[in-house]
Amino acid sequence: MSLSNNLTAFMNFLAFMCSIPIIASGTWLASKPDNECIHLLRWPVVFIGIAIMLVSLTGFIGAYWKKEGLLGVYLVCMALLIVLLLVLLVLAFVVTGTTGAYMVPGRAYREYRLEGFSHWLRDHITGPDNWGNIRACLADSAICLKLNYQYVTAEQFFAADLSPLQSGCCKPPTICEYQYMNPTLWINPTHAIVDADCSIWSNDPSQLCYSCDSCKAGLLGNVRKEWRKSILILIITLVILIWVYLIGCCAYKNTLNKANSKGHK
């Protein structure tokens, strides 16, 4: 009887300790400059880490001191947390299953098409209700202007490993055939415009390609990239929590049996 309770307490202590790097990794993802304009998706890993910490602490106290009520609350909360993680994993796999990335000849970076991403991401992040605020945030950030200090020549820039956001928002699409002057200054082509984004591009630092579909696609490329990192964390966390939950069920059953035996005596 005491073995399963002690094992549950130990496993919950481990889960409590594991929640610390989960919170730290979530904070790191949220604090990256590329993610500062996407408020909706910045903190889910942090919130999950905090929830695991609180639930694990409840389970540890309930198992170690054999508190029947706390163990019951812990099992309910843990079940809800496992369901939440499963829902988040399914959602993450569905919305990140497709990518609008494509290779460009003579360039080390990739470019992105908006149509290549899931409808859910397009509707909830780059839809008309959200894009105005995101666009203003991008314009106020230094994510594009800092490229001017990192790359001088066209050869350096074309060989750069740009983030999806930088590739989509900080320069005109390669198909437009603009002539490079510096990362945010390009000379208009002489031939006819072949893409709608070509006419939207502006050398004004507050405009650039922030209104382009390529910028929206680059933002979604960033979201997909970060969610892919989060998926690995969520899978490992889910496996650990399921094991902890099963052991917790045994501890709860033993605590009930102990309470019933005392009642009979």
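Visitor: How many aromatic pairs does the structure hold?
Guide: A pair of aromatic rings is described by the distance of the centres and the angle of the planes. Rings of Phe, Tyr and Trp (its six-membered ring) pair if their centres lie within 6.5 Å; planes under 30 degrees apart are stacked, over 60 edge-to-face, the rest tilted. The structure holds eleven such pairs. This is a predicted model, in which local features need pLDDT of at least 70 and side-chain atom pairs pLDDT 80 or more, while totals for chains, interfaces and linings use all residues. Residues are numbered from 1 along each chain as its sequence is written, and side-chain values use heavy atoms, without hydrogens and water.

Visitor: What kind of pair do W120 and W227 form?
Guide: A tilted one, at 6.4 Å centre to centre and 45 degrees between the planes. W120 lies in helix α4 (residues 119-124) and W227 in helix α10, so the pair ties together parts 107 residues apart in sequence. Helices here are DSSP runs of H or I with at least four residues, numbered from the N terminus.

Visitor: Which residues form one aromatic cluster?
Guide: Y109, Y151, F157, F158, Y180 and W186 do.

Visitor: Where does R107 lie?
Guide: A charge sits over a ring if NZ of Lys or CZ of Arg is within 6 Å of the ring centre and within 35 degrees of the ring normal. R107 lies over the face of F158, 3.7 Å from the ring centre. Likewise, the charged end of R113 sits over the ring of Y102, at 3.8 Å from its centre.

Conventions
Helix = DSSP H or I, 4+ residues; strand = E, 2+ residues; numbered from the N terminus.
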